[in-house]
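Let's take a walk through this one, starting with its aromatic rings and ending at a backbone angle. Have the viewer open as you read.

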Amino acid sequence: MNTSSAKTSWFGSKLSGFRPTPRFVNAVDLAGQWAAPIMVCIVLIVAAIFAPAFYNPTNLRTVTIQFAVLGIVAVGQTLVLLVRSIDLSVSAVLALGAVIVVQTQAGNSILISLIQAFTIASAIGLVNGLLITKRGVPPFVATFGMLVFIQGARLAYSKGQASGTVPDLLRTISIEPVGFVPAALIVWLVINIIFIFLLKYTRFGRWIYAVGGNPFASQYAGIRVDWIMIIAHTICSVLAILGGLVLSGYIGYVDLRLGADYNMNSIAAAIVGGTTFTGGRGNLYGTAAGVALLVLLLNLVVVLGLSIHWQLAMQGLVLVLAVSLQGFRQFLLSR
């Protein structure tokens, strides 16, 4: 008998006898819901002890703007994950919006440039949704293909060069203070409140959770599953464009690497906050906590003077731990 097979059989037999109690399952569930807020508190305490410079007003302002940008993009990513999908094109859409506004504003009003950017974003989200729902393309493949296409189109459009400085309006929206906080944070707050309301108190929100929880039952219940997924992807692309405009306004210019990390970061923030890959479970409160955790960790790496490569390690570690916790919870429920 093969040794590895024997070990597998032994392990499987041990697991087959494992029956978690409801109290234990609830404890794991609560741990998943509160992991991100608890980790945020721990990071803030660690920063106070080992990196007091973290609380410098200039650094806090930077953290706030970074939180707002990632928070805007993560709202859209959360909607897509809730309907059992994923969007790997958000980083490319984010950069594309900034390029469009910067390069089309010459001779046009900023309003026209913004309308063009959001129209293109809507079209991208619509195509993503149609590929997934009408052509049966897996979300990973459809949105990754869109990522490659957009990056190629953007490079061809900009001729591979940095695209220049951004309009003053975007600078104002991103960095000008409203009271004691940057305007970017107000933008995120308004968007978050709108979508929290939609998810919690409207029929659209109930349909989002129903489609993610059980698309087949939702179809039989008369819910237009395809259109809910298409709308979620369209919203995700529009919010990615908005995040890109806020980010470019904060940086002050547009270059080829703008927003390169926002695919993984937006997914990680939502997953860390309790949104599942299997759909139908999660909320924007958790996503906000996940965004805060990621931004704090990445900023703390810089403040501590560590190599920038540690940021990638932090991103991967946080995502792996969050997915592992979700996987463990699903295993418990299956028992």
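Rings of Phe, Tyr and Trp (its six-membered ring) are taken as a pair if their centres lie within 6.5 Å; planes under 30 degrees apart make the pair stacked, planes over 60 make it edge-to-face, and the rest are tilted. Keep in mind that you're looking at a predicted model. By that criterion, the structure holds four aromatic pairs.

Take Phe-54 and Tyr-55 as one example: the ring centres sit 5.1 Å apart and the planes meet at 85 degrees, so this pair is edge-to-face. The two partners have their own surroundings, too. Phe-54 is buried, at a relative accessible area of 2%, whereas Tyr-55 comes out at 35% and is partly exposed.

Now compare Phe-197 and Tyr-201. Here the centre-to-centre distance is 5.6 Å and the planes are 40 degrees apart, which makes the pair tilted. Both residues belong to helix H8 (residues 183–201), and because they are four residues apart there, about one helical turn separates them. As for solvent, Phe-197 is partly exposed with 47% relative accessibility, while Tyr-201 has 53% and counts as exposed, because the cut-off for that class is over 50%.

Most residues other than glycine have a negative phi. Against that background, have a look at Arg-84: its phi is positive, near 65 degrees, and it isn't a glycine. Where does Arg-84 lie? You'll find Arg-84 in the loop that runs between helix H3 (57–82) and helix H4 (90–104). Its relative accessibility is 41%, so Arg-84 counts as partly exposed.

Methods
Residues numbered from 1 in each chain as written. Predicted model: local features only at pLDDT ≥ 70, side-chain atom pairs only at ≥ 80, totals over all residues. Heavy atoms only, no water. Buried < 20%, exposed > 50% of the residue type's maximum accessible area, 1.4 Å probe, protein only. Helix = DSSP H or I, 4+ residues; strand = E, 2+ residues; numbered from the N terminus.
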